[in-house]
Amino acid sequence: MDERTDILLHKMGDIGQILMPNRERHQSLRGFEEHYTDIVDYIIRATYRIWEKKGLGLIYDHYHHGVKVWTSDGLMAGREAVIAASVQMQAAFPDLRLYGDEVIWSGDDDVGFHSSHRITW
């Protein structure tokens with residue numbers, strides 16, 4: 001099973017439609033890997049690769065060093081804090097599933113992107 005098929009099988013609702021294989025790119029996304037079709041696809045698949053596939057090292061490539069993440073525990077500031085919390089979460093709950101959806105975003109590949117999305121456990 002390839003990554004996209006795996007994602008589709010784990011997504012709820014119609015969010016999987018943006019992850020269909022062989023879709024053409026809808027935004028230029030200069031500097032992004034070629035397989036991402038738009039910023040929403042990037043956010044959902046990056047979330048999947050980091051949390052579902054346990055690729056925590058991808059946080060260094062996908063998160064700004066000064067990222068601010070709001071959780072039920074409050075504000076987490078900085079990429080290193082996100083990684084530390086993620087390692088703790090995966091150690092405590094190795095079978096935990098995290099599903100990204102409800103992406104909101106602004107920006108472009110010239111000025112950068114600012115995004116937010118819900119993660120359901």
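Visitor: Is aspartate 61 buried or exposed?
Guide: This is a predicted model, in which local features need pLDDT of at least 70, side-chain atom pairs count only at pLDDT 80 or more, and totals for chains, interfaces and linings use all residues. Residues are numbered from 1 along each chain as its sequence is written, and side-chain values use heavy atoms, with hydrogens and water left out. Buried means under 20% relative accessible area, exposed over 50%, and partly exposed in between (1.4 Å probe, protein chains only). Because its relative accessibility is 61%, aspartate 61 counts as exposed.

Visitor: In which helix does aspartate 61 lie?
Guide: Helices (H or I, at least four residues) and strands (E, at least two) are DSSP runs, numbered from the N terminus. The run that holds aspartate 61 spans residues 59-62, and it is helix H3.

Visitor: Which class of accessibility does lysine 54 fall into?
Guide: Lysine 54 sits in the loop between helix H2 (39-52) and H3. Its phi is near 60 degrees, a positive value in a residue other than glycine. With 40% relative accessibility, lysine 54 therefore counts as partly exposed.

Visitor: What is the phi of glutamate 102 near?
Guide: Glutamate 102 belongs to strand S3 (residues 99-108). It counts as exposed because its relative accessibility is 52%. Glutamate 102 is a residue other than glycine with a positive phi, near 55 degrees.

Visitor: Which residues that line the largest pocket are the closest to its centre?
Guide: On a 1 Å grid over the protein atoms alone, a pocket is an open set of points where a 1.4 Å probe fits, with protein on both sides within 12 Å along at least five of seven lines; lining residues have an atom within 4 Å of a point. The largest pocket has a volume of about 1,300 Å³, a volume being the space filled by probe spheres set on the points, which are joined across faces, edges and corners. Of the 38 lining residues, the closest to the centre are Tyr63, Val67, Lys68, Val69 and His117.
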